[in-house]
Amino acid sequence: MFVDEVDVTFEAGDGGEGKVSFGKMEKSGPDGGNGGKGGDIYIVGSSDLTLLSQFRGKDVVAAGDGVPGNKDKKAGKNADDLFIQLPVGSSLADLETKETFELEKVGQEILLCVGGKGGIGNYDLRSSRNTTPKNTIPARKGQKRNLLISLRFIADFGLIGLPSAGKSSLLNELTNTKVKTAAYHFTTLSANLGVLPNEKIIADIPGLIEGASHGKGLGIRFLKHIQRVGLLLHCISSDSSDPLKDYKIVRNELGNFSKDLLEKEEIILLTKHDLSDKSGLAAAKRKLQKLKKEIIETSIYDDRSLKNLYSVLDSGA
Ligand SMILES: Nc1nc2c(ncn2[C@@H]2O[C@H](COP(=O)(O)OP(=O)(O)OP(=O)(O)O)[C@@H](O)[C@H]2O)c(=O)[nH]1
Ligand SMILES: [Mg+2]
């Protein structure tokens, strides 16, 4: 199953300890080298949305430790830095410090955990006051963070509605995705994306039901995927017995997730128009017109309606 939320601990590498040592010859002074630096951990934005699955069954990601210093003034090697690819749209919350990090662009790099500095060996600690130090400056530990990584899709349009309203069917028709569609509710279990011919991105999320914000059905956590869309496409089946009620149920759940979602621009898609006769369609439209929103009739069996919808998506938002 598609992963859009994980809890992972990132641990940068510890610094390698500095060395206390003295040359073999009598009177030869301190020659302990410094320790190497621990590896940093960077996160890097990627277009691969499936990347959170790399953490399945793995709760710690650790960079290597610096190598300890050695005799003969030999410094320990610095550990390699780790570059962890994460999908664009990932937001990382540090569960202790409450800091957050957002990856918004492909290739964007953020230094998340700093590797520990290496310790200083006794060679570098020589001074005029103390020509034979027998100590080191200890190495530093690498930075650790316990993170909740959650993915929010960055899409231009978002399909929302009750289960079986025809959201995934529209996604499939408008883009070249092949998301499962079926006559039963909750066919879609996780969010999907498709790319329109104009390269804009459209997101399809699982259906919402009354009480979803209290955990009914599949809940409302998928709504995070439409937090950033420019235009909501609210799908209402034209064979519904009460289209206005359908609309209100979904809006209520949106508002319970975040009032911001209610502020978004929205058009209504009166889907499956082939299932209703003219008078049924007119009645459904009349009821929905009270909302003073644009209403577009669609059917996956009516190419003209799909072209019309596409031209609206192409011209608008
Ligand atoms: N007659 C007709 N049937 C449609 C149309 N669009 C979708 N359907 C059917 O309606 C059913 C539900 O369609 P889906 O696209 O799976 O609906 P959904 O809104 O994605 O549903 P969930 O994922 O469960 O929320 C499927 O059996 C589709 O074949 C349409 O325009 N006309
Ligand atoms: Mg679906």
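A residue is near a molecule or strand if its C-beta atom, placed from the backbone, lies within 6 Å of it. Keep that in mind as you click around this predicted model, where local features need pLDDT of at least 70, side-chain atom pairs count only at pLDDT 80 or more, and totals for chains, interfaces and linings use all residues. Residues are numbered from 1 along each chain as its sequence is written, while chains are lettered from A and ligands numbered from 1 in the order in which they are written.

**Stop one: the ligand.** Select ligand 1. It has 24 residues around it, and Ser 168, Ser 169, Thr 181, Thr 188 and Gly 207 come nearest. Now colour helix H1, residues 167-174: its 3 residues are the largest share of the shell. (Helices, H or I with at least four residues, and strands, E with at least two, are DSSP runs numbered from the N terminus.)

Next, pick strand E12, residues 231-237. Is it buried or exposed? 7 of its 7 residues are buried, so the rest of the structure largely encloses E12. (Buried means 20 or more other C-beta atoms within 10 Å of a residue's own, with C-beta atoms placed from the backbone; exposed means 12 or fewer.) Look along E12: Leu 231, Leu 233, Cys 235 and Ser 237 point one way, and Leu 232, His 234 and Ile 236 the other. In a regular strand, side chains alternate between the two faces of the sheet.

**Stop three: its neighbours.** Zoom in on Cys 235, whose bridge partner in E13 is Leu 269.

Methods:
Two strands pair if DSSP finds at least two bridges between them.
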